[in-house]
2 protein chains.
Amino acid sequence: MQISFWQLRSEQVKESGHEGEMTMENKRNLFGRRQYIVDKRSQIYLAVLLVFYLVIYSLALLAIILGPSALVFTSESTPWAQKVATSREFLSLGEKVVPAVSVIALLLAVHFILITHRLFGPLFRFRRVLRQWGEGEWPRPFKARPKDFHQEVFEDFNKATVSLKGDFGQVKAEISAALAGLQKMESSTAQPEQACQLKNIGQSCQAACAILDKYGL
Amino acid sequence: MQISFWQLRSEQVKESGHEGEMTMENKRNLFGRRQYIVDKRSQIYLAVLLVFYLVIYSLALLAIILGPSALVFTSESTPWAQKVATSREFLSLGEKVVPAVSVIALLLAVHFILITHRLFGPLFRFRRVLRQWGEGEWPRPFKARPKDFHQEVFEDFNKATVSLKGDFGQVKAEISAALAGLQKMESSTAQPEQACQLKNIGQSCQAACAILDKYGL
């Protein structure tokens, strides 16, 4: 089965029926050449986790820095005027801190998504190879981008496919040899019954060959 | 080739020659049943990245909260006594903040490593399957743990292997049919030359069969 790179791409996205991947096709145009979210659920999950960490972290940081002032504020011995002043300080701080740290957290989350692209991007491309393979196209060595994660997985995969291709190529060679022998016999046989038997055997071998040919072995 | 699960495990860790995986064998005992760092370089990289985010974030947060005080401190119009007081405040804050946020950052990094285990753990087990496959053991359907990432990759892999197994099983069936036909002819042939030719063809088919048998097809 001959499917070009781009054909398969859009077909697969449709096939997979993944809501995430569908909308990502649109996002892809936004970002130009590359799409940065290939596994929406997982990547968003990790980015949200990061923001969650930042929230916990900032709450802890604020508790440590502003804790003493808050204690002063809640103490009954503190005069009202000082309480009002402290609460004003807190309010103005909140007004400054919340938007600023939100922007920083958002920027960090976006950067983190770019990083997770190196985790999920190669696997997205790898899935394409697996699908093509399942449809009868023997995979060429899969190469992740230099900075991608999981390089060892793809190396192991490449080794396995090369080893399998070698073995199944040998199967093909043996069947081809058998076929050549059968043809030679068939041409030299005068008995019609024998010729028929040889033809049947040859058909079995040819059917086996056809399957191996499908995978380009 | 029959290799049991645990045999392969330790063998592979040795084979891979990965310094990280070697020491992880020791860590494994520490953690008891599971090992949480399966891809040392990648997981440590992500944890360090998280800590780096936290440092950037806390610097920004501190700049916003303590910035005004710092401005007062550096201004020339501020009296010396106030400057000394502010610097004392800063020092005592630093003494409290640095160890506390270090502990929090460390805890978050450790938690993050547990999360990344769901990213790298299944792929670590997947690599084992790929290696076994390369050595001639056809993979059973690979099942990631329910909370693991990359489930779709393994689904695609399983589909591909099932599809391949079906196709190569058919090759095996065709060759077996051919072999049966050859044996039937061999037994009914009286001519020694023909018998020899049939034997040669049969040997080719048997060799092909042997390779497919190796993979349990």
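The crossing of H4(A) and H3(B) is right-handed, meaning that the near helix is turned clockwise from the far one by less than a right angle. This is a predicted model: local features need pLDDT of at least 70, side-chain atom pairs count only at pLDDT 80 or more, and totals for chains, interfaces and linings use all residues. Residues are numbered from 1 along each chain as its sequence is written, chains are lettered from A and ligands numbered from 1 in the order in which they are written, and side-chain values use heavy atoms, with hydrogens and water left out.

- Helix H4 (residues 80-134) of chain A packs on helix H3 (residues 40-74) of chain B at about 165°, with axes 10 Å apart.
- Axes are lines fitted to C-alpha atoms, for helices over the stretch in contact, and angles run from 0 to 180 degrees between N-to-C directions.
- Helices (H or I, at least four residues) are DSSP runs, numbered from the N terminus.
- H4(A) and H3(B) are therefore roughly antiparallel; the term covers angles over 145 degrees.
- Their contact residues divide into 20 nonpolar, one polar and two charged.
- Nonpolar covers Ala, Val, Leu, Ile, Met, Phe, Trp, Tyr, Cys and Pro; charged covers Asp, Glu, Lys and Arg; the others, Gly among them, are polar.

- H3(A) passes H4(B) in a right-handed crossing.
- This contact has 20 nonpolar, one polar and two charged residues.

**H5 against H5**

- Helix H5 (residues 151-188) of chain A meets helix H5 (residues 151-188) of chain B at about 30°, with axes 12 Å apart.
- The two are therefore roughly parallel, a term for angles under 35 degrees.
- H5(A) passes H5(B) in a left-handed crossing, with the near helix turned anticlockwise.

**The whole interface**

- 77 residues of chain A contact 77 residues of chain B, with heavy atoms within 4.5 Å.
- About 7000 Å² is buried between the chains, and carbon and sulfur atoms give 75% of it.
- Buried area is the accessible area (1.4 Å probe) that two parts lose on being put together, summed over both.
- In chain A, Tyr53(A), Tyr57(A) and Met185(A) lose the most area to chain B, together 10% of what that side buries.

**Symmetry**

- Chain A can be laid on chain B with an RMSD of 0.3 Å by a turn of 180° and a shift of 0.0 Å along the axis.
- The copies are thus related as by a two-fold rotation axis.
- The same surface serves both copies, as 100% of the contact residues of chain A recur in chain B.
- Superposition is by least squares on the C-alpha atoms of residues with pLDDT of at least 70 in both copies.

Methods. Angles under 35 degrees count as roughly parallel, over 145 as roughly antiparallel, 65 to 115 as roughly perpendicular and the rest as oblique.
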